[in-house]
Amino acid sequence: MKNLPFLLIIALLASFSCENPAPTDLNKAALIPFPKEIFPTHERFCLQNGTVIHVQEHLLPFAEAMGETLAAATNLDIVVEKGDVTSGPSHIYLELLGDDMDDEGPESYELNIKKKKIYLVSKSEAGLFRGLQTLLQLLPTTPTEDNHWVVASGVITDAPQYDYRGAMLDVSRHFFGVDDVKRFIDLIALCKINYLHLHLADDQGWRIEIKSWPNLTTHGGSTQVGGGSGGYYTQNDYQEIVRYAESRYVTIVPEIDMPGHTNAALASYPELNCNGVSPELYTGTEVGFSTLCTSKEIVYQFVDDVVREIAAMTPGPYFHIGGDESHVTALEDYIPFIERVQDIVTKYDKQVIGWDEISHAELREDGVVQYWAMAENALRGVAQGTKVLLSPAHKVYLDMQYDSTTELGLHWAAYIELDSAYLWSPETLVPGIGKENILGIESPLWTETITNMDEIEYMAFPRLLAHAELSWSPAEARNWDHFSDRLVRYAEHLKQLDIDYYASPVITWE
Ligand code: TNX
């Protein structure tokens, strides 16, 4: 009996050690979005000081970045080495496979976790990066006493349902600086979101420097909703955002909303107005009152310059032309305007995305109609052969209030509680729009009422996790109770990441 305390200590130490055979269950992992397949093997891998990430030479930069990410999450010393390394207490091996491995897309990956070694393989660095997000979610939030970060073993085979998984940030109604945008990119990347749409111009502010039309920012960027100084990105700032996004395998989609939502531009250049007179800057929240003068040739020179300068800084395939709520542009002016702008965007080698109203115009088949309000508009796009990007306001608008007690946000489309954000299916949302017509899902965050990063996080989380699961995970893998259960446990990570999320009452938080 007097050995009991000693035995207890031994037993406790053993239960925390990597050598301990006690099973750990990969099925219990708090993964969001949930992966396609999980095969648990009931052992454990320990990330620890000296764990070596080893790769072939061409993957060294990726491995260095991954090592830094894992080190930042754990405070461990992670070593990166070239080639087949056998020293070190445990290993992570990364590999890029040829394109012929199977018919899954470039972001598919396999994460094979064994006792001493993790194999992460994909066809692309983007796929390795998605797999890294899975590994980060598998890590506990605290290590064992001997500083081991224990991960349950098994094989995860994963691939996204949709190629476009997006979030939108409105930096026009309120301006958000480069650091805020970088933080937002970090947060969406955790959800395996791969497109960030920046709403760069609206009535209240023009936020991107255009060298050939400098007043757009010096004047048009000088205020925001409620007054105050506004702000804008220099072209260097924008390129810094693009590069930062690229390092997270996120593609930037720039939007210049036109012909409506243009008061900031109209206020900066009188010649863009039909009457040749600039209106005052606007700091309210009405919509639908402004329009470029679609009958003036100078307007198309303006659009050409803007698209040319932005397209030149944008490596992604898309240019978003807005096109929504042009209530003071007659339809017979609106249609040829959109078609001419489409030609300009095409000339600069980009594909058009526009809000669903653009389907009134004759669109190219590589165009994308972003469904936000009118199903008939989306269907008109499909009839023309375009893809649809799903942003149904009553399900995915992140500026919609959670319920009637939410202090921030609006509720014109709906109150969107977390369960409502989750419980719908992209493939059955609009009869006549099936999986083959859908490019993906995007969650827009309009910022009429949103002024800082904490508020962005509060409106985006946890709903963005729900949307990410809808666009990443196969329908069979989606289940509300299971999602809730995973979210309760993932909340430990949200706290650790200092994400100011909404503690929805539909979840039984521990
Ligand atoms: C509608 S969505 C708008 C935006 C507003 C938003 C507020 C869309 C294409 N237009 O201009 O900011 O509602 O929820």
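**Parallel strands, a helix and a disulfide**

Strand E15 (residues 368-371) and strand E16 (residues 387-390) run parallel and are joined by 4 bridges; two strands count as paired if DSSP finds at least two bridges between them. Between E15 and E16 the chain passes through helix H10 (residues 375-383), and this β-α-β crossover is right-handed, that is, with the strands pointing away from the viewer, the path from the first strand over the helix to the second runs clockwise. Helices (H or I, at least four residues) and strands (E, at least two) are DSSP runs numbered from the N terminus. Tyr371 stands opposite Leu390 in E16. E16 also pairs in the parallel sense with strand E17 (residues 438-445), over 3 bridges, and there Val388 stands opposite Ile438.

The model is predicted: local features need pLDDT of at least 70, side-chain atom pairs count only at pLDDT 80 or more, and totals for chains, interfaces and linings use all residues. Residues are numbered from 1 along each chain as its sequence is written, and side-chain values use heavy atoms, without hydrogens or water.

The whole structure holds 1 disulfide, defined as a pair of cysteine sulfur atoms within 2.5 Å. Cys274 and Cys293 form this link, with S to S 2.0 Å, and the angle of 85° about the S-S bond makes it right-handed. Both cysteines lie in the loop between helix H7 (263-268) and helix H8 (297-312), 19 residues apart. Cys274 is exposed at 57% relative accessibility, whereas Cys293 is buried at 3%; buried means under 20% relative accessible area, exposed over 50%, and partly exposed in between (1.4 Å probe, protein chains only). Cys191 is also buried, at 1%.
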